[in-house]
Amino acid sequence: MNPPATPPWLDTDALIEDRRTRIIVCCGSGGVGKTTAAAAIGLRAAERGRHVVVLTVDPARRLAQAMGLSYLDNIPRPVDAGLSSGGSLHAMMLDMKRTFDEIVAAHADPDRAAQILANPFYQSLSSSFAGTQEYMAMEKLGQLHRTDEWDLIVVDTPPSRSALDFLDAPERLGRFLDGRLIRLLTAPAKPGRAYLKMLSAGFSLVTGTLTKVLGAQVLKDMQTFVTAFDTMFGGFRERAEATYRLLQTPGTSFIVVAAPEPDALREASYFVERLAGERMPLGGLILNRVHVPAATRLSAARSIAAAETLENHEIPNGTAESAGTPRYALAAGVLRLHAERMQLAIRERRVAEHFTAAHPTVPVAAVAAQPEDVHDLEGLQAIGLSLASRSVAG
Amino acid sequence: MRARDSDWEGVRLHVVTGKGGTGKTTVAAALALALAHDGRKVLLIEVEGRQGLARLFDCPPLPYAERKVGIGPGEEGRAGGDLYALAVDPEGALLDYLEMFYGIRHAGQALTRLGLVDFATTIAPGLSDVLRTGKATEATRRKAGGREVYDAVVMDAPPTGRIGRFLNVSVEVSGLAKVGPVRTHADTVARVIRSPQTAVHFATTLEEMPVQETLDGLAEMRELGVQLGGIFINKVYPAGLPESDLKAAAEGHVDEAEIALGLKAAGLADAQTLASGLAVELIEHARSVALQERERRELAGAGQPRYELPAITDGIDLGGLYRLAEVLREQGAA
């Protein structure tokens, strides 16, 4: 058997220094450090002279504080990173309801906007619809891009059940808005041709059941909403599709973030395949929180053997310490610790190799596990530095 | 015989949430397995369509049907119980609902084709949530021959970020439907969720963000009037060394000479260099142990029962799951 392939290295510095890179999208399953990775990349890019805005969907207060902001909101706020590079850094957190409200306000006349905003159906849709966050993230990304105020936008995708929902958002919304159901609701059946009759039969079945399940009021609210919203549907779709196409351009780079664990890498694999299917440009994989032992020359097996030697050594003379002879317990303990670390490192490497075996061309960069969560810009810098150095887990 | 009852006598619906990456599904599965003792019948429900349970129990993807996936650990000559699993999807739950309340499953299938289900899951999230929680509460209350079909139901629920909204079904739906059948259904579901029969457990690790989310989640559940459950601390690794050594190391004090002597005695070459490397590792370890300890104290402040699950280093398989179930039994979680 051939030795496992070494993946190409993901050179994030080259990526962020390349002025043609305009959008970086960080994606991956929940709990892998996606938001922190996005912020670290944003900071590092700003230190290299880029004008960066980081768009996060994660309301992590600590991250906001790490960037010296007491909170993040729907407006890009400047981060005081003491940059001498001529670059700049802004950060914002997506507020999906506000973003949605703003779109309604911007694209409908005041009366109609007020009508939509007050509709119970709209309120439910804008505050809790499972795909709204994904969709609004796309919308916000499009908005930020159109302002042209930043030359690099770093996006952290929503912590979806499946990270892939982000890409599905425009299509899902489109499917819903174009859906037969909506057409049935907006254009109650007219008698006439055969297929319309069929629709009509379908319509009464649908409304009948919906009334049964939801009650007549809900149906009425929904019809009112759909009618009021009607003129805006087209614009929504167009912008979503424009953002989708923007994501396919070479100025965009998708970075998949994963922890070196089987579940996270399974998701990452799936994501890589999906991006290829959608013709989205993949930058590579960030393997986050990789454990790197300090003394790699001593293998786990030899370390355990040495610990056993020392432990046996102590048994005949249990009072080793008081007798003034060297205390080997510390060395034995440290050797056991080292063995565990080596085993962990090997396991992590093995799952990473699995990924590379399936995706040999995907560049990979590793970030060493940090002893503490990020609390300040220095912490973000440390992650950026680890990301940019080729030696980690190499 | 165990000396004491489990901490959750009387609880029949166990909702397990937690931050992504903390092992929420593993904790839910281990708890379900632990509850399936002495011939008790337990149902484990997955609601997010990830088929995480099928992977854990090493079986083909779960259909929308309650299927036996395992047998709980037997103890001292007594048989274990039966563990069933179910993957709930909103579509199946909607058809179920139509069947159960209106006897119109057939119409439901036609509606699926017309996009009603898309409608339900896409635009009416409250409805989709109430259908999923509704399935869990239905299984909890289901009776056959005068007694409950399941002794306990464990739900692998959405993560902490979404759990409040997920469980707060009656409010979610009331925004949508002030009156009507779905409202009535939601109110029934809400009553079960807020009854002493239900408890919400939190899976966490000893890291800052998951602990913070656990504390926030507990506060949110308290506000919702839902019974707080236990804190399941997952992936705990042992300290491994005496506290005094760790304490000194956390402050950067390691006797490298002492380590080097030991390494030399064990016959390892280049003991001095090796000792410096190992000292670095010890300091890192000691610091993370100290951090773990800090997070443990944070969690203790919440005042809820806590259970610690060891890190299963070779990845969770069925054997690992049984081990965790046993640990949970020993600690009184089941």
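**Exercise 1.** Determine how helix α7 (residues 132–147) and helix α11 (residues 216–248) of chain A are placed relative to each other.

*Solution.* Helices here are DSSP runs of H or I with at least four residues, strands are runs of E with at least two, and both are numbered from the N terminus. The axes, which are lines fitted to C-alpha atoms over the stretch in contact, with angles from 0 to 180 degrees between N-to-C directions, come within 9 Å for α7(A) and α11(A) and cross at roughly 75°. The two helices are therefore roughly perpendicular, given that 65 to 115 degrees counts as roughly perpendicular, under 35 as roughly parallel, over 145 as roughly antiparallel and the rest as oblique. Next, list the contacts, which require C-beta atoms, placed from the backbone, within 7 Å: A:Tyr135, A:Met138, A:Glu139, A:Leu141, A:Gly142 and A:His145 in α7(A) meet A:Arg239, A:Ala240, A:Ala242, A:Thr243 and A:Leu246 in α11(A). Finally, these residues divide into 6 nonpolar, 3 polar and 2 charged, where Ala, Val, Leu, Ile, Met, Phe, Trp, Tyr, Cys and Pro count as nonpolar, Asp, Glu, Lys and Arg as charged, and the others, Gly among them, as polar.

This is a predicted model, in which local features need pLDDT of at least 70 and side-chain atom pairs count only at pLDDT 80 or more, while totals for chains, interfaces and linings use all residues. Residues are numbered from 1 along each chain as its sequence is written, and chains are lettered from A and ligands numbered from 1 in the order in which they are written.

**Exercise 2.** Is strand β5 (residues 152–156) of chain A enclosed or open, and with which strands does β5(A) pair?

*Solution.* A residue is buried if 20 or more other C-beta atoms, placed from the backbone, lie within 10 Å of its own, exposed if 12 or fewer, and partly exposed in between. Since 5 of the 5 residues of β5(A) are buried, the strand is largely enclosed by the rest of the structure. One side carries A:Leu152, A:Val154 and A:Asp156 and the other A:Ile153 and A:Val155, so that both faces are covered. Pairing, which needs at least two DSSP bridges, links β5(A) to strand β1 (residues 23–27) of chain A in the parallel sense over 4 bridges, with A:Val155 as the bridge partner of A:Val25. Strand β2 (residues 51–56) of chain A also runs parallel to β5(A), joined by 4 bridges, and here A:Val53 has A:Ile153 as its bridge partner.

**Exercise 3.** Where is B:Gly21 found, and which residues of chain A does B:Gly21 touch?

*Solution.* B:Gly21 is found in the loop between β1 (13–18) and α1 (24–35) of chain B. This glycine, B:Gly21, is buried, with 23 other C-beta atoms within 10 Å. Leaving aside residues up to four places away in sequence, B:Gly21 touches A:Gly30, A:Gly31 and A:Val32.

How values were computed
Contact = placed C-beta atoms within 7 Å.
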